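Reader: I should like to go through the reasoning behind several labels attached to this entry. Please set each value against its criterion.

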Amino acid sequence: MNPAARKIVPKPKALNCPSCGSAIELRAMGAAATVVCSYCSTTLDATNPQLVILQKWQSQITVQPLIPLGSRGSLFGAVWEAIGFQQRGINVEGTNYFWREYVLFNPYKGFRYLSEYDNHWSFVTPLPSIPVPGANSAGRPTMAHGGVVYDHFQTAQAYTWFVIGEFPWQVKVGEVVTAADYVAPPRMLSSEATENEVTWSAGQYIDGNDIWAAFQLPGAAPPAIGAYSIQPSPVVSAPGRPWKLFFLFAALLFGMMILFATKARQETVLNETFTFQPAATGEKSLVTKSFDLKGDSANLQVEVNGELENAWAFIGMALINEQTGQAYDFGRQISYYHGVDGGESWTEDDRSDSTILPSIPGGRYYLRIEPETEAAAGSTLRAASPIRYSVKLVRDVPFYFRYILGVFLLFLPLPFMGRKGSNFEQLRWMESDYGAPPNVAVSLSDDSSGEDDDE
Amino acid sequence: MSQPSAICPNCGAPIRFRWSSAIQTTCEYCKSILVRHDVNLTKVGQVADLPPDISPIQIGTEGRYRDTAFQVVGRIIYSHAVGAWNEWHIVFSNGSSGWLSDAQAEYAVSFISAPESPLPPPDQIYRGFEYSQQGVRLSVTTLTEASYEGVEGELPFQFWDKTTCRFADLRSIDGRFATIDYTESPPLLFLGEFVDFDALRLVNLKEFEGWTA
């Protein structure tokens, strides 16, 4: 309806750097204030069609952006083009700490930033409103915004070391602003102040791999180093959270146990009763009839029951595969003793015993049994009496021990988790102005306090 | 919205007003700045070539603010030491008018507002200065020396030959926004709020090659 509405703003034409003559592509459609030539690093006024030189490059350091300028990626619901890159630094007690910032641009949504420090990334959005200053219980400064209280982390003079590409403000190497960070991991509020302006922005932690995926960068994101101010604690530090996880996984194990218990076939494949004559001479071993173990690999429960009278018996067994000859040797000892001692009757009843053979492949098997008792070795009268015993084989039985073990293993790290979380918090706050987490009262020396918000 | 027509006193092209209360407009054809006296238009100046477009908004863009439809009918372009911004003159379907400012795609809607207490003179305002208006506590976050860079379309006042002036931007804890404009004496106060681009539901936007809104 409006004829002007169909007017398409063309891609900006390539211009030439007035300093070195290289082609400069303006990506931000005129929204940028500064463009820095990628070749000779001369800073130019992007608002002037003649690209007036603002600053000639004094080469100190050169930094290669990890996200090439001109690449586009979809982050937080919009497409962004990386158009500018700078390295900034602060000096703390003689040591320079550097971080890098990428300017992201969308002609409708405006500017966002990606900030990178030791391969920790955050996505930064300019904040239209200003936060409310306060103090925490330890007397340390805070900023409140959107119902979240942020703890003061650091205030420092941020120095611009290296710049290429386009910026929505006029940026120069050597520019210094007072930068303050307040953190509520995984979020951060940052302010940058000069004499006539203070700007606030909100950052949120983002995994480097998400950036690599969004911008389709080759390879993988370099691994993050150390603990970053707004890195989510890798160990759950919220009280109660480890217990929640514990109960979740315990419930999961319980569910698996129920599932496998109901799925277990519990098929009795052999149930025979034998009589062992210890006094008899000759071959004591016997073999059972053959039986089928169906299906794939599954366990096999062996249960031995004996009728004993103040005696013990060891039932040596071998489960033998008819086809392959593969043998599984095992044995069970049973015993029953009772008597009267000092007018009190006592019993020791171990007349039945069972075991589970794990992972027996399917096939046709038989059992070779070789019982033993002390009568066989020596010869006492009472042991000479015959022993009746039964052997029962059950294929695929539910097996509870591993679940109990699982729950036990889940429980093991719990007492340590809270501690590890607080160790991470110590590490996180080590790099702050305070060197200690926000619940610790620390008085700052005058030179690093930047809290006096305004004059 | 009535559309009184007139003739450009410079080139004779028809001038169509989108907004009946417009005091000033520009001729789309010869770029003359025209000021309306009753029914006659007087040429008061000539628009230089506008600086490169820095906004997806254009004259004719339509949108909604707080459930009231508006149309963009004019703009003032300001530039300052480190950039430029647009003040788009918007006219609502109920006949009232306001401003949609676009500073590097940070959007705010504001309306002229009578100061409840005297505004400080330009040499006495500073970053952090606090001012309350309509129960909103505002704090100066930016002081800018800006100059007029160009005008386009219909404006509620004559604006064509202003020099460098001081502007103070104020923000609140809840996204409210104000500007103290020292182009006039006493200074003007505009009060409003920051708005999300998507919430404005703008149509008839400029298209950018290689981008979709």
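Reader: Why is Phe76(A) called exposed?

Author: In this predicted model, Phe76(A) has 12 other C-beta atoms within 10 Å. A residue counts as exposed if 12 or fewer lie within that distance, so Phe76(A) is classed as exposed.

Reader: What is stated about the phi of Phe76(A)?

Author: Phe76(A) is not a glycine, yet its phi is positive, at about 50°. The residue lies in the loop between β7 and β8 of chain A. These strands form a hairpin with two residues between them.

Reader: How do you know that β7(A) and β8(A) are paired?

Author: Strand β7 (residues 72–75) of chain A and strand β8 (residues 78–92) of chain A are joined by four bridges. Pairing requires at least two bridges, so the two strands qualify as a pair. They run antiparallel, and Ser74(A) stands opposite Val79(A) in β8(A).

Reader: What makes Arg66(B) exposed?

Author: Arg66(B) has 10 other C-beta atoms within 10 Å. The limit for an exposed residue is 12 or fewer, and Arg66(B) is therefore exposed. Arg66(B) also has a positive phi of about 50°, although it is not a glycine. Its place is the loop between β6 and β7 (68–80) of chain B.

Reader: Which peptide bond of chain A is described as cis, and what is its omega?

Author: The bond from Pro185(A) to Pro186(A) is cis, and its omega is near 5°. Pro186(A) belongs to the loop between β15 (176–184) and β16 (187–193) of chain A.

Reader: What is the omega of the bond that joins Ser185(B) and Pro186(B)?

Author: Omega is about 0° for that bond, which is a cis peptide bond. Pro186(B) is found in the loop between β14 (176–181) and β15 (188–195) of chain B.

Reader: How confident is the predictor in chain B, and where is confidence lowest and highest?

Author: Chain B has a mean pLDDT of 85, and 90% of its residues reach 70 or more. Within chain B, strand β5 (residues 40–46) has the lowest confidence, at a mean of 70, while strand β6 (residues 62–65) has the highest, at 96. Where pLDDT is low, the predicted coordinates should not be read in detail.

Reader: What are the ipTM and pTM scores of the model?

Author: The ipTM is 0.79 and the pTM is 0.64.

Conventions:
Residues numbered from 1 in each chain as written. Chains lettered and ligands numbered in written order. Predicted model: local features only at pLDDT ≥ 70, side-chain atom pairs only at ≥ 80, totals over all residues. pLDDT = per-residue confidence, 0-100. Buried ≥ 20, exposed ≤ 12 C-beta atoms within 10 Å, placed from the backbone.
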